[in-house]
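Here is a short report on a structure that may be new to you. Keep the sequence and the 3D view open as you read.

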Amino acid sequence: MLHLKNVEVIYDDVILVLKGLSLHVPEGKIVALLGSNGAGKSTTLKAISGLLHTEEGEVTDGTIEFQGQRIDGVAPEQIVRRGIFQVMEGRRVFEDLTVEENIVMGGYTRNDRAGLRRDTEMVYTYFPRLHERRKRLAGYLSGGEQQMLAISRALMARPKLILLDEPSLGLAPLLVKEIFGIVKRINDEEKTTFLLVEQNANLALSIAHHGYVMENGRIVLEGDAEKLRSNEDVKEFYMGGGAGKSYKNLKFYKRRKRWLS
Amino acid sequence: MEFFLQLLISGLVIGSIYALVGLGFVIIYKSSSILNFAQGEFLMLGAYVCVAIVGTHKVPFLAAFAITLCFSALLGVLMERLLLRPMIGEPVISVIMLTLGLSSVLKAVVQGIWGTDTRPYPEIFPTTPVMIGPLPVSQGYLYSVASVLVLLGLFSVFFKYSRAGIAMRATAFSQQVALSMGISVKHIFALAWSIAAVVSAVGGVLLGGIRGGVDGAFALFGLKVIPVVILGGLDSVLGAIVGGLVMGVLENLSGGYLDPLLGGGVKEVAPFIALVAILSIKPYGLFGKVKIERV
């Protein structure tokens, strides 16, 4: 469904962030994109959604194809209309709009009233808490509720592919579990495809079908979620487990620390 | 007492036009955080265009008025296309400077075409005054206030309930997030500038009708509107309305009562004195939005 081939991204004309990245997201699946801070995960998502333009970034090489059509260079608002919706890192709800208005904005690109009404009801069934607070300003919601709202907005656009950037950021573990559960449910019930960027590798791989690991603007590892989960390196660096923890091995320890903190 | 009421009424009328121009200012600020210093020129241009159409082509006033509104809407779209789009991604302050330049250019264009003399306005409103209680009030005043109130009401509803209105508020919050919803920020800007130009033109025509003529001093309204909107809170439609009325009344009362005592000029300064006083108590203005901070 989504193919990235040798994508190169440069910020501000000088900073090379993605160095020939290739990945593939098959229809109807959840694909996890893992990696440490600064590996280029968010940049990858923004390159797909076109939001890179707003940050002085540019795809300078390679191709991004969605359903057989090139989308690199297409304006971000057009990409939404083609069926890709990015849920940005840090939730980014419209704080001085009410919950209801935020949800209306999610469906901005659609005009089928009946469908919109049905989908509004759908998101309120997924997230009953939002229904209770629908008249309140989104800025006053808790972090978890804002994340739910951000995902609801995405659902309202009825996208084929949702790019989900670190939904666990700054949330309590229990809430994170709830949100991941719902992502899984949406994938099962609505057949929406997800490309999920996460720091919490364990959790991400628990719902994903396939995973990629990024380091320094490149893919360094890929495979079935199951296989990645049992991979020793992934365990060691990205899950904080691994056999025979030894703090003598300072380099590994540091890398792990960087991951977990 | 009658003197006071006269001052009050003319203050409210001028205030309602302030409110209208303030509304245009607020709409642009709300959707793009740009302070538009050319707002007064939009008003002046609207007034001139209308009178020119009536005068040279012998078009009935209402038709000329409609054409003026279309012209203003188009002007707003052009502004977005020619001035704002190249400035996307540039600092807000640069765009604000640009509007300052624009105000000079528009003023020069108007003077170049129509000269600097006052141009008489056609009689738009019936001249027989209406008696409100013991007080004769010109019909022009009543028409102005009524049309301003209707417009302001319409826009409040537009912002609160329509999708385009909500999208404008969303864009004001964050252009990037708005883009990620599929909202075309360019269209929103064009819409905002069009609305601002149209409401200002309405203000200009009403003012021309009330004063019976139009000249370059109309552009000063843009300057007067700044204390109005800052007083009301830059991002509040309600604030623009209340701010406009308060300023209009304040200006007239201080002009009427203090000018003879102090030798004139108070009328011009009074709004700014009030502005400083109010801002030192309420830094966001009367109805301004306080930034939400979660704790």
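## A helix inside chain B

In this predicted model, 22 of the 31 residues of α1(B) are buried, so the helix is largely enclosed by the rest of the structure. A residue is buried if 20 or more other C-beta atoms lie within 10 Å of its own, exposed if 12 or fewer, and partly exposed in between, with C-beta atoms placed from the backbone. Helices (H or I, at least four residues) and strands (E, at least two) are DSSP runs, numbered from the N terminus.

Helix α1(B) covers residues 2-32. From first C-alpha to last it reaches 44 Å, close to the 45 Å expected at 1.5 Å a residue. That expected span is 1.5 Å times one less than the number of residues. Just after α1(B) comes B:Ser33, with a positive phi of about 50°.

## How to read the model

Residues are numbered from 1 along each chain as its sequence is written, and chains are lettered from A, ligands numbered from 1, in the order in which they are written. Local features need pLDDT of at least 70 and side-chain atom pairs count only at pLDDT 80 or more, while totals for chains, interfaces and linings use all residues.

## Chain B overall

Chain B holds 11 helices and four strands. Its C-alpha trace spans about 60 × 50 × 35 Å along the principal axes. Of its 295 residues, 46% count as buried.

## Helix α6 of chain B

Helix α6(B) is mostly covered, with nine of its 11 residues buried. Among them are B:Ile166, B:Met168 and B:Phe173. The buried residues pack against α3 (99-106) of chain A, and against α1, α5 (139-161), α7 and α8 (185-211) of chain B.

## Where the chains meet

The contact takes 25 residues from chain A and 18 residues from chain B. Two residues are in contact if their C-beta atoms, placed from the backbone, lie within 7 Å. On the chain B side, α6 (163-173) and α7 (175-180) each supply at least two residues. Helix α6(B) gives the most, with six residues.

## A sheet in chain A

Four strands of chain A form an open sheet in the order β2-β1-β4-β5, with antiparallel pairing. Two strands pair if DSSP finds at least two bridges between them. β2 (15-25) and β5 (69-70) stand at the edges, each with a single partner strand, so one side of each has no neighbour in the sheet.

Strand β1 (residues 2-11) of chain A pairs with β2(A) over eight bridges. A:Val9 stands opposite A:Leu18 in β2(A).
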